[in-house]
Amino acid sequence: MVMRDTASNDTVDRTRRTRDDATELADVVVRIAGGDVDSFAELYDRTCAGVYGITLQVLRDAGFAEAVTEEIYLEVWRTAGKFDPSRGSVLSWLIDMTYARAIERARLERSRTDRGSHSQLMTGPP
């Protein structure tokens, strides 16, 4: 009887699935670049929970997180042709885009809040 190392086999299977998923998502982005709406919907369905989760974690406001998530997918639609799989995976591209956009929004909102507080200090109470 031959005993198999199931932990090693599981790791190999997971690695293979991850590589297959990355290749599949890259193909989806290529189709999006060609204007394929169904591929865009597929990418959205497969990744929106993660994108929204990151934006919510950074912004801590569901409304802002939803708006930023929408902006990210609009950017994906507009820039899919610029995606370069030799520079990283689709998920890395999305995560980078997500963090950058969420941090940009957080800074903008903080700046607005700070300006509002500053102007109130300058004018005094009503």
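Modeller: Let's start with Tyr73, which at 3% relative accessibility counts as buried (under 20% relative accessible area, with exposed over 50% and partly exposed in between, using a 1.4 Å probe and protein chains only). Before going on: this is a predicted model, where local features need pLDDT of at least 70, side-chain atom pairs count only at pLDDT 80 or more, and totals for chains, interfaces and linings use all residues. Residues are numbered from 1 along each chain as its sequence is written, and side-chain values use heavy atoms, leaving out hydrogens and water.

Now, Tyr73 belongs to one aromatic cluster with Phe40, Tyr44 and Trp77. The structure holds four aromatic pairs (ring centres within 6.5 Å, taking the six-membered ring of Trp; planes under 30 degrees apart are stacked, over 60 edge-to-face, the rest tilted). Take Phe40 and Trp77: their ring centres are 5.3 Å apart and their planes sit at 80°, so this pair is edge-to-face. Phe40 lies in helix α2 (residues 37-59) and Trp77 in helix α3 (residues 62-79), so the pair ties together parts 37 residues apart in sequence (helices are DSSP runs of H or I, at least four residues, numbered from the N terminus). Trp77 itself, at 34% relative accessibility, counts as partly exposed.

Back to Tyr73: its ring and that of Tyr44 have centres 4.9 Å apart and planes at 70°, so they are edge-to-face too. This pair also links distant parts of the chain, with Tyr44 in α2 and Tyr73 in α3, 29 residues apart. Tyr44, at 35% relative accessibility, counts as partly exposed.

Conventions: Helices (H or I, at least four residues) and strands (E, at least two) are DSSP runs, numbered from the N terminus.
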